[in-house]
Amino acid sequence: MASVETRNLTKVFRRGQPGAVNGVSLVTREGEFMVFLGPSGSGKTTLLRMIAGLEEPTSGEVLIGDRVVTGLAPRERRIAMVFQSYALYPHLSVYRNIAFPLRAQGMPRESRRAKVEWATGLLAIGHLLERKPRELSGGERQRVALARAIVREPSVFLLDEPLSNLDAKLRTSAREELIHFHRRVQTTTIYVTHDQVEAMAMGDRVVVLDRGSVRQVGTPREVYDDPADTFVAGFLGSPPMNIVDADEVFVGFRPEHFLPEALVPEPRVRLPFLIDTIEYLGSERVLLGHLGAPRFGRKRAVSRLSSTLPEEFSPGTEALFAVAESRLKFFDRRTERRCAARSVAWE
Amino acid sequence: MGMKAQRALAGALLAPAVLYILALVGLPLALAFVYSLGDVRVGSTGYRFVGLENFRSVLSSPTFRAAVGHSVIFTASVQAIVLVGGNALALALRRRFRGRGAVRFLILMPWVAPISLGAIGWKWILDSIYSVINWLLVRVHLVNRFDPPMWLGDPTLAMLSVIVVHSWRLLPFATVILLAGLTSIPPDILEAAAVDGAGFWRTHFEITLPMMRPIINVAVLFGVIFTFTDMTVVYVLTRGGPYDSTQVLPSLAFFTGVLGSDLAAGAAISVFLVPILAIVAWRMLRVAARAEVV
């Protein structure tokens with residue numbers, strides 16, 4: 001087991017153009033499940049590929065287990081990677097796919113067999129050993145790729161969107177399996193995804209990336225409840241945080257905290273809400289509309305109400321909503337980063 | 001359009017290709033079979049059926065037996081050289097580097113240039129007096145100035161020369177085919193092999209080559225046909241000599257049938273090519289069919 005560290009890691013693909021990854025410094029804890037989360041083009045996969053040794057950094061260093069591995073070939077890094085496409089060897093049987101890293105190590109046949117049995121037992125794919133990858137379902141392929149990754153007990157796992165090729169239902173169960181699996185093997189894992197639900201559900205900590213830079217590192221709760229800047233606030237949560245312009249600062253509040261006035265404890269700020277549409281999603285209702293007060297210039301806002309609340313609303317009406325003052329997040333106008341709370345006098 | 005009209009149109013559109021094949025491939029082939037069973041000579045007008053007489057005399061001729069051996073050696077050696085060389089070139093050309101386009105173009109040159117021109121160039125390069133290779137070898141004191149190798153005059157060296165020149169000619173074609181096969185391998189798979197700890201040779205022999213197998217089969221089968229039926233290089237460089245030591249089946253058929261006026265014997269010799277080519281063609285169709293499934 002080992003931790004992974006990057007020091008000021010930068011990747012510029014074309015000189016003169018903005019870098020794909022800009023000076024990223026991160027440290028994982030040993031055995032941690034760390035998630036790189038960001039929209040496409042945020043540099044999360046490039047960052048992972050530099051850690052794997054598949055991409056050479058323009059500058060900066062990668063350390064695995066306190067050893068500088070920058071410039072070393074992937075095979076000298078004691079890592080295992082699961083690719084988005086799984087990258088199974090199509091001409092080899094499942095058994096030979098999983099045994100391939102062991103053969104490359106020069107492990108004798110008997111120990112190989114034992115290892116493959118251990119890995120396939122862990123992932124419950126012992127019955128697939130003779131099949132070729134094209135005869136497997138998406139979920140089975142993902143397990144085979146995972147088995148190939150764990151079979152030589154690497155010090156670090158790198159997973160590049162391993163669930164994005166599965167259908168929604170399978171993804172939920174595969175997510176759960178991955179978490180159980182990580183608990184059992186306790187190997188430091190870096191997991192790349194653009195899916196915030198995956199990131200929140202699986203990560204010990206989440207690294208939010210945007211345009212090649214780290215915006216925030218924190219537990220799922222921290223990045224959700226205490227976003228470091230307006231990007232994180234607007235990226236996490238669906239629907240994302242409402243952000244309004246309040247003169248010298250931006251003020252944000254989550255849709256689930258933007259509720260009918262009667263439900264919000266004092267001290268609170270009251271905001272007239274013009275409801276345009278209502279999405280009934282079963283367990284909750286999403287109300288989309290505008291803020292009524294003229295000072296917000298008909299700023300769009302969203303409210304999320306549990307379906308168990310008795311209040312009824314209809315589109316096209318105005319209602320008095322409010323947010324508890326403790327739920328307001330303040331962002332500096334210029335840097336867009338979080339700043340100290342202050343009182344607002346909107347009424 | 002009605003069913004009938006459609007069928008008529010299909011027939012009309014196919015007709016030129018069918019006519020072309022019948023006139024330029026079917027008819028000569030049929031004639032070769034007819035001639036090989038008769039006593040036709042250049043200039044004669046009659047035709048007398050002689051059964052398998054031509055085949056008997058051809059088979060008993062030492063020149064023919066030697067030519068069969070030469071054809072096999074020629075074809076097998078050229079395929080081996082072209083496969084290894086084409087693979088190496090394809091691997092080199094897959095990498096991005098400055099001027100890759102120019103290098104690709106240069107490598108294709110032997111293929112697009114008329115073979116007679118190229119072969120005449122080689123004839124000078126291998127000439128007994130003006131050979132630039134010998135000039136170079138003399139300069140670096142590897143060979144004696146008064147007894148340089150006779151590239152086209154010594155039986156072994158002549159065979160070697162013919163093999164090298166034909167390989168030079170087929171190499172671009174094989175490279176292009178193999179490069180296509182190489183680039184069709186998803187980069188993920190090679191990266192997975194790198195992460196899994198495989199080095200260059202293991203990746204090449206256990207991942208790359210097996211994944212390229214269908215396309216390698218195509219390259220080999222085309223190469224066999226282009227080599228086994230070809231006489232251009234032999235004709236220009238050695239005319240089958242010295243002492244028939246580079247005589248292959250197509251050149252022997254040409255020299256016997258056309259230049260030696262014994263059309264029947266020439267036809268009998270070329271008919272010997274048919275079963276071998278039929279087997280290759282059948283394999284080729286099977287490989288093509290299998291490649292579609294994968």
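This is a predicted model: local features need pLDDT of at least 70, side-chain atom pairs count only at pLDDT 80 or more; totals for chains, interfaces and linings use all residues.
**Whole model**

Start with everything shown. The model scores ipTM 0.82 and pTM 0.79. Colour chain B by pLDDT: its average is 82, and 97% of its residues score at least 70. Within chain B, confidence is highest in α8(B), at 92, and lowest in helix α13 (residues 273-293) of chain B, where the mean is 75.

**Chain A as a whole**

Now select chain A and hide the rest. Its C-alpha trace spans about 75 × 45 × 30 Å along the principal axes. The chain has 347 residues, and buried residues make up 39% of them. Of the contacts in chain A between residues at least 6 apart in sequence, 63% join residues at least 24 apart.

**The four-stranded sheet**

Select β1, β2, β4 and β5 of chain A. They form an open sheet of four strands, in the order β2-β1-β4-β5, with antiparallel pairing. Its edge strands are β2 (21-27) and β5 (67-68) of chain A, each of which pairs on one side only. Next, show strand β1 (residues 4-11) of chain A beside β2(A): the two run antiparallel and are joined by four bridges. To find one of these pairs, select A:K11, whose bridge partner in β2(A) is A:V21.

Which residues does A:I51 touch, not counting residues up to four places away in sequence? They are A:V4, A:T6, A:V62, A:L158 and A:I190.

**The five-stranded sheet**

Return to chain A and select β13 to β17. This open sheet of five strands has the order β13-β17-β14-β15-β16, and the pairing is antiparallel. At its edges are β13 (259-260) and β16 (300-306) of chain A, each pairing on one side only.

Focus on strand β17 (residues 318-324) of chain A. With strand β14 (residues 268-280) of chain A, it pairs in the antiparallel sense over seven bridges. With β13(A), the antiparallel pairing of β17(A) runs over two bridges. Select A:F321 in β17(A): A:L271 has it as bridge partner, and A:P260 also stands opposite A:F321. Another pair to show is A:V269 with A:V323, which stands opposite in β17(A).

**Where the chains meet**

For the last stop, show both chains and select the residues in contact. How many residues does each chain give? Chain A gives 18 residues and chain B gives 14. On the side of chain B that touches chain A, the elements giving two or more residues are α8 (187-195) and α9 (200-228) of chain B. The largest share of that side, six residues, comes from α8(B). Colour the side of chain B that touches chain A by residue class to see nine nonpolar, one polar and four charged residues.

Definitions and conventions:
Residues are numbered from 1 along each chain as its sequence is written. Chains are lettered from A and ligands numbered from 1 in the order in which they are written. Two residues are in contact if their C-beta atoms, placed from the backbone, lie within 7 Å. Ala, Val, Leu, Ile, Met, Phe, Trp, Tyr, Cys and Pro count as nonpolar, Asp, Glu, Lys and Arg as charged, and the others, Gly among them, as polar. A residue is buried if 20 or more other C-beta atoms lie within 10 Å of its own, exposed if 12 or fewer, and partly exposed in between; C-beta atoms are placed from the backbone. Two strands pair if DSSP finds at least two bridges between them. pLDDT is the predictor's confidence in each residue, from 0 to 100.
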